[in-house]
Amino acid sequence: MIRIFSILAGLAFSFVLALSFVFEAVGTAKDGLPNTVESNFHEHPGALKLASDGLFGKFDKQQLQRGFAVYQGVCQNCHSLKFVAFRDLKALGYDDDEVKAIAKQYQVPAYNAATGEVKTQPGKPTDHFPPVVYGGKGAPPDLSLITKSRHGGAAYVHSLLLGYQNQPAELLKKFPDAKTPEGLFYNPYFANLNIAMPPPLTADGQVTYAPGNPPATKEQMAQDVSAFLVWTAEPNLAERHQKGWPVVLFLLLATVLAYMAKRNVWADKH
Amino acid sequence: MSFPWANEYKPSHPFMQWMDEKLPLPRFMYNAIGAGYPVPRNLNYMWNFGVLAGFCLVIQIVTGVILAMHYAANADVAFNSTEHIMRDVNWGWLMRYAHANGASAFFVVVYTHIFRGFYYSSYKAPREMVWLLGVAIFLLMMATAFMGYVLPWGQMSFWGAKVITGLFGAIPLVGEPLQHWLLGGFSPDNAALNRFFSLHFLLPFVILGVVILHIWALHIPGSSNPTGVEIKTESDTVPFHPYYTAKDGFGLGVFLVLYCAMVFFFPNALGHPDNYIQANPMQTPAHIVPEWYFWPFYAILRAFTTDFILSAKLWGVLAMFSAILVWFFLPWLDKSPVRSGTYRPLFRKFFYVLLIDVLVLGYCGGAPAQEPYLMVSQIAAIYYFLHFLVILPIVSSIERPDPLPFSITEAVLGNDDAAAIKA
Ligand code: HEM
């Protein structure tokens, strides 16, 4: 009884699936496989090497400070960094006074419980980076988690920042309707190819680096800000790598011992 | 039941004797996972995965209870509280990564456990109840994992919840009211998040209860083994302790090395980047995909693209649930008296086809809902249903199995003279 019923159920599902398949196959034979501008011209991020990569990766504090300078000098005009507190910047190598001074540069919202008013006041080390008001086209995302929330992470941000270009003639020939709309910018690393962010890094030396750092070329700035955004997304990444090694090595040793114990116990049973 | 030659618990220390009279818990453990439980001597490493699954459940409960101390189930702050755990709570990042990767590890382990069951037909008499409880555990695990994924309130949390609860809308007449009742609203929001948190906290303990029943039911006939030949004499068995405690200890070590390597070095490899974006009901992600362990079933859901009497969506929903529900009927669909796939040449071929088929379904389930993935998943889904519902019943009645060893001892040592003389 169960078998007859189940064979019938199996055949019913298979029949409807086969029907779906036939319709899909006919449709695909007519229209071909999906062929869109994105599937043709979207590019995957190029390689980017950072000190935080790999199983031993640690942050390069000098680079994070440069990246922070790029954020402050450029990105901050449009993007917030809400999950980062000023005191977190100590991890970049700033001391308490420097952190206090950085915090003071920002006006953060302060809620007065007595009056119910929200005013702004200079930031304290415990405050987070304040929201950013942006008047232009598009909605700049908060950057705190950006390297975790995009495929490709830091390499994506790096390629995106340097990837602005003119639309290829070939693209316009193949997809005449796909011309980049007014106010957007062609960037093959962006998912739909046309991004609302104006090219943020426009010239070498746009940001002034402290003496003793490499020259602030576009390439260097893009790398540095990407490295900084890896840190903002996961400040304890280096600690994670560092703690992982003793744990894994201890477990490996314990496993070898457990294997020998097992051999011993089973010696008379094989 | 146990075997007549099982070691008896004889406490020697006066305290243990006193304990044995008042509350014989040590005796119970001795007979369940100690030297008092005889187990086939030939279990291979596929039999480690039950214990590993139990260990995963413990990891999930411990890390989960700690996360719950810092998490806030409110749509406005859930995402922020998760980031607070990652950044500000001492060892919070470790608890969160251990829990998220623990879920994946749990499913890797349980899928292996289930496919072990398929290959060795562990579902057959006298272990049908073990199997049925196992399938119930798997359903509970899926519900728990689904609701857990909603809690961080990222984009995939929100849209995954929306798509999956939306499936109830496919049920004729009662579908939509049912969906709104389940969610406590028209779309996932505070009400849904709160009840998901409540249930996500509850269900692992329900699973724990069913696991205890699962092991109780298993201990009545005892474990099967790679030959599928039942235990005949004492020489077919070894006491669980120290033999399988030692073997499980080694297996646990290997598991923990791999698991900790994931947690410390690749904690986001299996997650979706979109879940690091806060839920936004106004912005649909380009591709909505569930976690990897749901992909095979997600592919089956999406494979139905044509209305036929019922809507395509309803077919998809029915098929997706049936894909798991058929497992309940396996003990009665596969009638072959031989258990182990090792002695079933024809069955074995189809087993490997099924394994590949499920991997293909999994791949398609994670891919965008477009061609050629849809057509591939349609073919793969057809095979999936035919395998369980048509091929298995037929194979089990036409197949000629290979000769079985006389006993477990013979399979291990090459001969079993003692038992052969007695028999
Ligand atoms: C929380 C999840 C689970 C736990 C903790 C668990 C635990 C165990 C343990 C400890 C064993 C004995 C050791 C072994 O044979 O590996 C076992 C056996 C078994 N389990 Fe599970 N299990 C779980 C899920 C499942 C599921 C989802 C299924 C099937 C759908 C299942 C089916 C079986 C069967 C058939 C056996 C007997 C195997 C044999 O003796 O050949 N279990 N389980």
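**The iron site and its surroundings**

Author: The six donor atoms around the iron atom of the ligand subtend angles of 82 to 178 degrees, which makes the arrangement octahedral. This is a predicted model, in which local features need pLDDT of at least 70 and side-chain atom pairs count only at pLDDT 80 or more, while totals for chains, interfaces and linings use all residues. Residues are numbered from 1 along each chain as its sequence is written, chains are lettered from A and ligands numbered from 1 in the order in which they are written, and side-chain values use heavy atoms, with hydrogens and water left out.

Reader: Which residues coordinate the iron atom?

Author: His113(B) and His214(B) do so, each through NE2, at 2.0 to 2.1 Å. Donors are N, O and S atoms within 2.8 Å of the metal (3.2 Å for Na, K and Ca); water is not among the atoms, so sites may look incomplete. His113(B) lies in helix α5 (residues 92–119) of chain B and His214(B) in helix α9 (residues 190–219) of chain B, so the pair ties together parts that are 101 residues apart in sequence. Helices (H or I, at least four residues) and strands (E, at least two) are DSSP runs, numbered from the N terminus.

Reader: Why does His113(B) count as buried?

Author: Buried means under 20% relative accessible area, exposed over 50%, partly exposed in between (1.4 Å probe, protein chains only). His113(B) has 19% relative accessibility and therefore counts as buried. His214(B), at 16%, also counts as buried.

Reader: How do you know that the span of helix α3 of chain B agrees with expectation?

Author: The expected span is 1.5 Å times one less than the number of residues. Helix α3 (residues 49–68) of chain B has 20 residues and should span 28 Å; its end C-alpha atoms are 28 Å apart, so the two agree.

Reader: Why is α4(B) called mostly covered?

Author: Eight of the ten residues of α4(B) are buried, among them Phe79(B) and Met86(B). Their cover includes α7 (218–233) of chain A together with α3, α5 and α9 of chain B, where contact means heavy atoms within 4.5 Å.

Key
Tetrahedral: all angles 85-135°; square planar, octahedral: opposite > 155°, others 65-115°.
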